[in-house]
Amino acid sequence: MSKVVDLSLLIEDNMPAHKLFQRPVITTHMSHESSKALGLGVPGDAMTFQTNFIAMLDHVGTHVDAFRHVKPDGAPIDEMPLEMFMGKAVCFDLTHIPDLGEITVEDMEKAEAASGVKVDGHIVLLCTGFHKRNYPSLDSVWKNPLLTAEATQWLYDRGSKMQGVEGPSTDKPSDNIFAQHRLCRELGMSHWEWLVNLEELVGKGEFQFFGVPLKFKGGSGSPVRAFAVLN
C-alpha cells in the first residue's frame, strides 16, 4: 500500500515569511454565529457557515516559484505546464549542512550515491534538517543554507529542472547576490521553497512528488499542498 507524506507548512496568520516579504493576514470573515442573522435554512434547522479572509503574497508558506518571479518575460504560474509540478523524485540527505552553509557539487554527488538513485530528470528535494532546527523562530527566515550555482548546474546537467528546499529560499539570506535564483533564471529551472518533513523521505529511493500551484492569472508563484507518494 502506498504511503502519502505531507510536505506542506501549515499556513497561519502572521507566520514567518521571506526577509523581503510581508507576513500573511488570515482572519474569520463570517462565523457560524454571525451567519445566523442571514436566516438561511429552515425553522429549527438553520444553515450557518464560516468563511475566512486571506491576504497574502503568492510566496508564503510552502510555495513554488514561477519563471515570471525572476524573469520579466518569464511565464507566469498560470502558463507553466502542470507536468512541471509533479513526477519522479528523490530526497538527498544533506543533514550535515549547517545553517547558512553551502550545498556543493561534492555534497550532491555523495548524497546521490547514498540515495541509490541516479538523477535522470528527477525532481530533487534537499533535506538539511533546517526546518526542524529553526521553525517557527525568526532563525527560519535568516539562516537557511545556500544551494550553490555549481550544484544547481549539476542538477541541470542531469535533466533535473525542479528542486525543493526547506526554508524560505534556495539562496542564503545573509547576502543579496541571489546566485541560485539568477542561474535558475538563465537555465529555465525553478523550485519549491519551505518544504517540511523531508526527513521522512531520506533513504526511501525514488518516489512520486506533487506540488501543484493555484492558477493565479499572471502569478509570480503560488502556495502549494506538496506531498510525496511512497510505494
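The legends below describe an overall view and several close-up views of a predicted model.

**Figure 1. Overall view of the protein chain.** The protein chain has five helices and 15 strands; helices (H or I, at least four residues) and strands (E, at least two) are DSSP runs, numbered from the N terminus. In this predicted model, local features need pLDDT of at least 70 and side-chain atom pairs count only at pLDDT 80 or more, while totals for chains, interfaces and linings use all residues. Residues are numbered from 1 along each chain as its sequence is written, and side-chain values use heavy atoms, with hydrogens and water left out. The C-alpha trace spans about 70 × 45 × 35 Å along its principal axes. Of the 231 residues, 46% are buried, where buried means under 20% relative accessible area, exposed over 50%, and partly exposed in between (1.4 Å probe, protein chains only). Among contacts (heavy atoms within 4.5 Å) with a separation of 6 or more, 75% join residues 24 or more positions apart.

**Figure 2. Helix H5 and the elements against its buried side.** In H5 (residues 179–187), the buried residues are Gln180, His181, Leu183, Cys184 and Leu187. They lie on the same side of H5, because they cover an arc of only 165° around the axis; the arc is that of the directions from the helix axis to the C-beta atoms. These buried residues pack against strands E6 (63–65), E10 (146–147), E11 (162–165) and E12 (190–193), as well as helix H4 (149–157).

Figure 3. Ala151, Thr152, Trp154 and Leu155 are buried in H4. Their arc around the axis is only 155°, which puts them on the same side of H4. Glu150 and Asp157 are exposed, on the face turned away from that buried side. Gly159 follows H4 and has a positive phi, near 80°.

**Figure 4. Surroundings of His18.** His18 is located in the loop between strand E1 (3–6) and strand E2 (25–30). This residue is buried, with a relative accessible area of 10%. Apart from neighbours within four places in sequence, His18 contacts Val141, Pro168, Ser169, Phe178 and Trp194.

**Figure 5. Surroundings of His122.** The loop between helix H1 (105–115) and strand E9 (123–127) holds His122, which counts as buried at 3% relative accessibility. Leaving aside neighbours within four places in sequence, His122 is in contact with Lys88, Ala89, Val90, Val117, Ser160, Met162 and Glu206.

Figure 6. On a 1 Å grid over the protein atoms alone, a cavity is a set of points where a 1.4 Å probe fits but cannot get out, and a pocket is an open set with protein on both sides within 12 Å along at least five of seven lines; lining residues have an atom within 4 Å of a point. Grid points are joined across faces, edges and corners, and a volume is the space filled by probe spheres set on the points. The whole structure has one cavity of 30 Å³ or more, and the largest cavity holds about 80 Å³ of space. Its lining includes Ile103, Leu126, Asn144, Glu166 and Ser169. The largest pocket has about 240 Å³ of space. Of the 14 residues lining this pocket, Ile11, Met56, Leu214, Pro223 and Val224 lie nearest its centre.
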